[in-house]
Amino acid sequence: MAVTVRIPTPLRSLTKGQEQVSADGSTVRAVIDNLEQKHPGMKERLLDEKGIRRFVNLYLGDEDVRFLEGLDTPLQAGAELSIIPAIAGG
């Protein structure tokens, strides 16, 4: 099933400048694995050994997947997953 993934500017070098790409998968984890196949290097920028990197947010529509089922959040065909880098500062 196809999902639209919105790509932030810092990661567009991996998608040849595309601001959104299509990926297949029934969960967030499966979509990230599919993104890695299509755009090598994406997975290591999104995930670490603990799961979603601390300064990366993944939103399914308006919901942060951390508050849903994390990487196991189910996705429907046509869903929109947004990758949003966290802003830190002081």
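Visitor: Let's start with lysine 43. How exposed is it?
Guide: Lysine 43 has a relative accessible area of 31%, so it counts as partly exposed. Keep in mind that this is a predicted model.

Visitor: OK. What does the side chain of lysine 43 meet in a salt bridge?
Guide: Aspartate 33, with N to O at 2.8 Å.

Visitor: How many salt bridges turn up in the whole structure?
Guide: Two. Besides the lysine 43 and aspartate 33 pair, there's one between arginine 29 and aspartate 72, where the closest N and O atoms are 3.1 Å apart.

Visitor: Where do arginine 29 and aspartate 72 lie in the chain?
Guide: In distant parts of it: arginine 29 is in helix 1, while aspartate 72 is in the loop between strand 6 (63-64) and strand 7.

Visitor: Switching topic: which residues of helix 1 are buried?
Guide: Helix 1 covers residues 28-38, and its buried residues are Val28, Val31, Ile32, Asn34 and Leu35. Looking down the helix axis, they fall within an arc of 160°, so they line one face of helix 1.

Visitor: Why would residues three or four places apart point the same way?
Guide: Because an α-helix has 3.6 residues a turn.

Visitor: What covers the buried residues of helix 1?
Guide: The cover includes several strands, among them strand 1 (2-6), strand 2 (20-24) and strand 7 (80-85). Helix 2 (42-46) is part of it as well.

Visitor: Let's zoom in on leucine 35. Why does it count as buried?
Guide: Its relative accessibility is 1%, and buried means under 20%, so leucine 35 qualifies.

Visitor: What does leucine 35 touch, leaving out residues up to four places away in sequence?
Guide: Val5, Val21, Ala23, Pro40 and Met42.

Visitor: And how far is leucine 35 from aspartate 24?
Guide: They're 8.1 Å apart in space, C-alpha to C-alpha, and eleven residues apart in sequence.

Methods: Residues are numbered from 1 along each chain as its sequence is written. This is a predicted model: local features need pLDDT of at least 70, side-chain atom pairs count only at pLDDT 80 or more; totals for chains, interfaces and linings use all residues. Side-chain values use heavy atoms; hydrogens and water are left out. Buried means under 20% relative accessible area, exposed over 50%, partly exposed in between (1.4 Å probe, protein chains only). Helices (H or I, at least four residues) and strands (E, at least two) are DSSP runs, numbered from the N terminus. The arc is that of the directions from the helix axis to the C-beta atoms. Contact means heavy atoms within 4.5 Å. A salt bridge is a side-chain nitrogen of Lys or Arg within 4 Å of a carboxyl oxygen of Asp or Glu.
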